[in-house]
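I opened my notebook to look up a few local details in this structure. Come and read along with me.

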Amino acid sequence: MPSSRRTFLAGGAAAGVGLAVAGGLPSLAQAHPGRPRPPVGAGHVPFPPLVDDPKGILALPKGFSYTIVTRAGVTRLDHGQGVTPADHDGMAVYDAGNGRYTLIQNHEIDPGAEFGVPHVKGTVYDPGAVDAGGCTVIRTDRAGRNLGEFVALSGTVANCAGGPTPWGTWLTCEETEDRAGDTWEEDGRTGVFKKDHGYVFEVRSDGGADPTPIKCLGRYSHEALAVDKDRTKIYLSEDADEPNGLFYRWTAPHGVRLGPGVLTRLAPNAGVLAAMQIIMDDGSVLPDVAYLTSAQLGRPFPVRWIEVPDRDARTTPVREQFADGQVTRGRKFEGVWGTDEGVYVVNSYAWDEGDLPADAAPHDGMVWFYDYRAQTIQLVTYFPHQTQSEEGTAVKYNDLTFDGPDNVTVTPWGSLVLAEDGSGASHVLSSIPGGPTYAIARNQLNDSEFCGPTFSADGKVLFVNMQDPGLTLAITGPWEKYLG
């Protein structure tokens, strides 16, 4: 985690039991989890079983409680801007002092939604993207009280995840490839995009708006990203298929060190955007991550990077600019989270026809760690595939069998928190590289995914979103006992 971690933390399908390897837990005082280490010892305290919520919203372990901070279409925005937009997704939390926090929240919305992000003067990127995605800023405290919310970015589309920066801002990602001139239709409403989409935007924690796309990071179905501690590289995931998406690294131009507003001022072709190649023993490129399984847990594989020919995808989508076997693809590259020594990246699942090569192994989730110095990647958590994923049927042990990890964050104690977007029940998970995976929350309301898990820097509150019906939840309890 970058050195300014004390001021911010962020959250970046099928059924399987979590297997993991190679993790260690730095103390809270270290505050900067690094590369995975040997397995944890016998002193680890497992989370207790989940207890059903009498209100039917969120099952939690005994001793934990939650508060609803925002609710789509119900809680109101400041300055008469309307109601809280829907489809809460990626999120970051910033320390506002005196036990208060500031959240920046994505809304993964296509145009024409009932509770889209309203266009507020100074925040609008594309006036043609009406009632679509964007970001809001939420003020709250340790009790989860709603102290206000307002629009920071509007006129964007399908803002999925993103990532915090070492300088205290939020980079929000559009998960779309819509082009200027394309039409949209929703519930009888129609419109036309006036600008291209599929970019990254920077949002300040004070709500300061600059709806300028960061074109040097490429135009594709962005999911999440992480900035390295030296502020010269950004690692980005792509959630796409036909063909499967890629994992990217952007390197800043020589002499450029990233900071507030720097990215929006760079030229569209600044720096180098490159796609990941995992290198096998014979020197060939691994075609798809699904060829690796739990048998390779903890094994480091060398990584090379191949430059993207046309990062703005003027005629061909970025991932289609590479031939099969030239890059390492993966179904649903999702959450990304950086540490001082490397970056975690998630693949949610690959088991349906077209999700993976015919001779690769179906899986229900992978978590990887890329080591900056060694330039290697290793599998640290693996969810084997279960047929219930395909059928959508309930598993026998609902809070022991997991699938579809999506967003990821690193806790103040060095372990991981994953948000499920899979089949059946959705969970928030505690996942220890080198140890087990536990359920720490379950959606009792419906089968909607969890999004944007993010811990306050003081370790007091885990904020997380339930995408449908659009809830921001503040969860408190004895976190250090189980994560510390």
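**Backbone and surface notes**

At 5% relative accessibility, Ala-158 counts as buried, because buried means under 20%. I kept in mind that this is a predicted model.

I then checked where Ala-158 sits: the loop between strand 9 (149-156) and strand 10 (159-164).

Next I turned to Glu-242, another residue other than glycine with a positive phi, near 50°. I found Glu-242 in the loop between strand 16 and strand 17. Is Glu-242 buried or exposed? Glu-242 is exposed, because its relative accessible area is 70% and the cut-off for exposed is over 50%.

I also looked at the bond that follows. The peptide bond from Glu-242 to Pro-243 is cis, with omega near 0°. Pro-243 belongs to the loop between strand 16 (233-238) and strand 17 (247-251).

Which residues does the other cis bond I noted join? Asp-468 and Pro-469 are joined by it, and omega is about 20°. I placed Pro-469 in the loop between strand 29 (461-466) and strand 30 (471-476).

Last, I looked at charge on the surface. Asp-110, Glu-114, Glu-185, Glu-186 and Asp-187 form a negative surface patch. I picked out Glu-114, which lies in the loop between strand 7 (100-107) and strand 8 (133-141). Glu-114 counts as exposed because its relative accessibility is 67%.

Methods: Residues numbered from 1 in each chain as written. Predicted model: local features only at pLDDT ≥ 70, side-chain atom pairs only at ≥ 80, totals over all residues. Heavy atoms only, no water. Patch = residues over 30% accessible without salt bridge, like charges linked within 9 Å, V, L, I, M, F, W, Y side chains within 5 Å. Areas by Shrake-Rupley, 256 points an atom, 1.4 Å probe, with all protein chains shown as cover. Salt bridge = Lys/Arg side-chain N within 4 Å of Asp/Glu carboxyl O. Lys, Arg positive; Asp, Glu negative; His and termini not counted. Charge placed at Lys NZ, Arg CZ, Asp CG, Glu CD. Helix = DSSP H or I, 4+ residues; strand = E, 2+ residues; numbered from the N terminus. Buried < 20%, exposed > 50% of the residue type's maximum accessible area, 1.4 Å probe, protein only.
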